[in-house]
Amino acid sequence: MNNLYFVFIERVKQVPKETVKDVSFFNEFLHNVKYHFNPNFIKKHRFPKECFDFLKKELPFIEKYAESYYEQDIKETEVIMTASFIYSLNRQLYMASKLVDLIPVLIGYQFLKVDYRQFIHPKNFNEANFIQLKAALLEFLGAFKINMATTSNSYYHDKQILALLKKGYEEQDVQKIYEFVDAVERGIGFTIPNVFHSITKLIDFIDFELFSEALNAKRQTIDIIYLVDCLDLSEKEQLILNPTINNKWCLFELFREILHNVTTDKISDPFYQNMSQALSKLAMLDAYFFEYAIIYFRRNPHFSKILALSLSTLDTPYVDIYLRTVEMNTHHSDIENNRILITTLIDNGNIKNLYQLCQGLFDKWQELLQSLLQNQQYINDIVYSSYYFGVLQYIHMEYDVQQLFNEIEKTLEEIKHHQYSWKKSSSDEHIHYFIGLTKLYTWGSVFHQRSLQWTGYQHLQKTIQKILHDRQAWLWYIHKATKPKVIEVICDFFAIQNVHE
C-alpha cells in the first residue's frame with residue numbers, strides 16, 4: 001500500500017488548529033465500525049472492508065493522493081477535510097478507555113495511508129480514561145497466547161516440528177524451540193493477522209513501558225515473536241536496551257530479529273556497543289543461552305564484533321563458554337569473523353580474556369594437528385582453520401624471539417626426519433609433510449609480522465631454504481614442477497631468496 005503524497009501530508013500538518021473540527025460524518029463512521037465489529041476481529045487478517053468502503057465515499061480524493069501528485073493541483077478544501085478527519089480520529093483516541101475504542105482510529109489511519117506517529121501525541125490522552133485504557137491493554141496483552149496445533153490432516157513433517165516445539169517448551173530448551181522457529185520461517189513463515197499487528201504497534205507507541213512490561217512477562221517464544229514482529233528496527237532496539245527487559249526469551253528473540261533486520265546503513269559504533277550490552281545481559285541471565293547465541297549467530301557478519309565487545313567486559317569463565325563452542329577443523333570459510341573477533345578484543349584492551357581465548361584456540365589447533373596425524377586423515381594443503389587469527393595472536397603474546405626460532409628449528413628437524421624415515425603409506429608421508437608446512441607457514445607469518453631477521457640464525461636460514469626449494473618434494477607432495485603458491489608465500493614470510501637447483 002502506497003503512502004500519501006508527502007507534500008500533501010506536509011500541507012495537512014500545517015493546517016491551523018482553529019480551522020479543523022469534527023467532520024460531519026464521523027459519528028456515522030463510528031456506527032459503521034461498531035456495526036461491522038466482530039468479537040474475533042483480532043484473529044482476522046484485515047479490518048472490515050465495509051468500513052473502508054464507507055470512508056471512500058466520504059473522502060474519495062484520498063486515493064489520488066496516494067500517487068505522486070503535482071503540488072499545484074492539491075485542493076485546499078481536501079487538505080482541510082483530511083486534517084479535520086485526523087482531528088476526529090485523535091479526539092476518539094484521546095478519549096478511549098477500552099480496547100474497542102481504538103479500532104476506528106486504526107481503521108481511519110490505515111485508510112489514510114499515513115503514519116499516525118506524525119499526528120498523535122500520547123500526552124494528550126484524557127488522564128482518567130487513559131488509566132482505564134492501560135488496564136484494558138495490559139489485560140489484553142497478558143491474556144494473549146498463540147496456540148500452535150496440528151489437525152488430523154496435517155502433514156507428517158508439520159506434526160514432527162510441532163512436537164519439537166512442544167518438547168522445547170516442556171524442557172525449556174532454547175535450541176529445540178529455535179529449530180522449530182527456523183523450520184517455520186524457512187517454510188510459510190508466521191502469519192500474523194494485520195489487525196493484531198496494528199493493535200500491538202499502537203500499544204507500543206502510546207505506552208512503551210506498558211508494552212515492555214507485558215512483553216517481559218511472556219515465556220513462550222512464539223507469543224514474543226507475534227508481539228515484536230510489528231515493530232520497527234528502532235523500536236526493537238529501544239526494547240532490548242530497556243532495563244526492565246530481563247527475560248532471557250525476550251532478549252534472545254529481540255537480538256535475533258535486530259541482527260536479521262539491520263542494514264549496513266544502520267550499523268555504527270553505538271549499535272555494536274548497545275548490542276554487546278544486550279548480549280552480556282543475556283549471558284549473565286543464563287550462560288546456556290549465551291552459549292547457544294554464539295552457535296546460533298556465529299555466521300552473522302555483525303556478531304563477531306558484538307561478541308568481542310561483550311567478552312571484553314565479561315568475566316573469564318565466559319571465555320571458556322566461547323571456547324566450548326569452537327569446533328576446530330580444516331575449514332576456513334569463517335576466518336574473517338575470527339579476525340574481527342580477535343582485533344576487536346585487542347582494541348578493547350582486556351588482555352586477560354584475550355590471552356585466555358587465544359591460548360584456548362592455540363591448544364585446539366595443536367590438538368587438531370595431532371588428531372590429523374593419529375587418524376591418518378588425508379590432507380593436501382596446509383591446515384588453515386577459521387580460528388587461525390587467534391592462533392597467530394597467541395604466538396605473538398606467548399613466544400619471544402628465541403622461542404620462535406626454537407620452534408622454527410624444531411619444525412625443520414621434524415620435516416627432515418619424516419622425509420627420510422619409513423612410512424607405512426604415502427598418505428602418512430603427505431600428512432607429515434603438510435603438517436610441517438603448516439607449522440612453517442604459521443611461524444613464518446609471525447616472523448614476517450615482527451619484521452625479524454636471520455642474524456645469528458643463518459644456519460636455520462640455509463636449512464629452510466633447502467627444504468622449501470626441494471623440487472622433488474614439490475612434485476611428490478604437491479604435484480607441481482614450478483614453485484607452488486604455498487611455498488612461495490612461506491618463502492616471502494621468511495624472506496627466503498630463490499636458489500638455483
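This report walks through the overall build of the chain and then visits some of its residues.

## Ground rules

The structure is a predicted model, in which local features need a pLDDT of at least 70 and side-chain atom pairs count only at pLDDT 80 or more, while totals for chains, interfaces and linings use all residues. Residues are numbered from 1 along each chain as its sequence is written, and side-chain values use heavy atoms, with hydrogens and water left out.

## The whole chain

The protein chain has 25 helices and zero strands. Here helices are DSSP runs of H or I with at least four residues, strands are runs of E with at least two, and both are numbered from the N terminus.

How does the radius of gyration of the chain compare with that of a compact globule of 501 residues? The globule would have a value near 23 Å, but the protein chain has 32 Å. The radius is taken over C-alpha atoms, and the globule rule is 2.2 Å times the number of residues to the power 0.38. Along its principal axes, the C-alpha trace spans about 100 × 60 × 40 Å.

Of the 501 residues, 51% count as buried. Buried means under 20% relative accessible area, exposed means over 50%, and partly exposed lies in between, using a 1.4 Å probe and protein chains only. The accessible surface of the protein chain comes to about 25500 Å², and 50% of it belongs to carbon and sulfur atoms. These areas come from the Shrake-Rupley method with a 1.4 Å probe, and for residues only the protein chains shown count as cover.

Among contacts in the protein chain with a separation of 6 or more, 79% are made by residues 24 or more positions apart. A contact means heavy atoms within 4.5 Å.

## Residues in loops

Most residues other than glycine have a negative phi. Lys113 has a positive phi of about 60 degrees although it is not a glycine. Lys113 lies in the loop between helix 5 (103-112) and helix 6 (127-143). His479 also has a positive phi, near 60 degrees, and is found in the loop between helix 24 (471-478) and helix 25 (485-494). Are these residues buried or exposed? Lys113 is buried, with a relative accessible area of 11%, whereas His479 counts as exposed at 59%.

Asp334 sits in the loop between helix 17 (317-325) and helix 18 (335-347). At 16% relative accessibility, Asp334 counts as buried. Leaving aside neighbours within four places in sequence, Asp334 is in contact with Arg299 and Ser386.

## Aromatic pairs

A search of the whole structure finds 47 aromatic pairs. Rings of Phe, Tyr and Trp (its six-membered ring) pair if their centres lie within 6.5 Å; planes under 30 degrees apart count as stacked, over 60 as edge-to-face and the rest as tilted. Two of the pairs are set out here.

| Pair | Centre to centre | Angle between planes | Kind |
|---|---|---|---|
| Phe144 and Tyr226 | 6.4 Å | 40 degrees | tilted |
| Tyr178 and Tyr296 | 5.8 Å | 70 degrees | edge-to-face |

Phe144 lies in the loop between helix 6 and helix 7 (156-171) and Tyr226 in helix 11 (residues 221-228), so their pair ties together parts that are 82 residues apart in sequence. Phe144 is buried at 12% relative accessibility, and Tyr226 is buried at 8%.

Tyr178 is buried, with a relative accessible area of 1%, while Tyr296 counts as partly exposed at 23%. Both belong to a cluster linked by ring pairs, whose members include Trp249, Phe252 and Phe303.

His430 lies in helix 22 (residues 426-449) and counts as buried at 7% relative accessibility. Not counting residues up to four places away in sequence, His430 touches Tyr378, Ile379, Trp476 and Tyr477.

Val33 lies in helix 2 (residues 26-36) and is buried, with a relative accessible area of 6%. Beyond residues up to four places away in sequence, Val33 touches Cys51, Ile103, Pro104 and Ile107. The C-alpha atoms of Val33 and His417, 384 residues apart along the chain, are separated by 89 Å.
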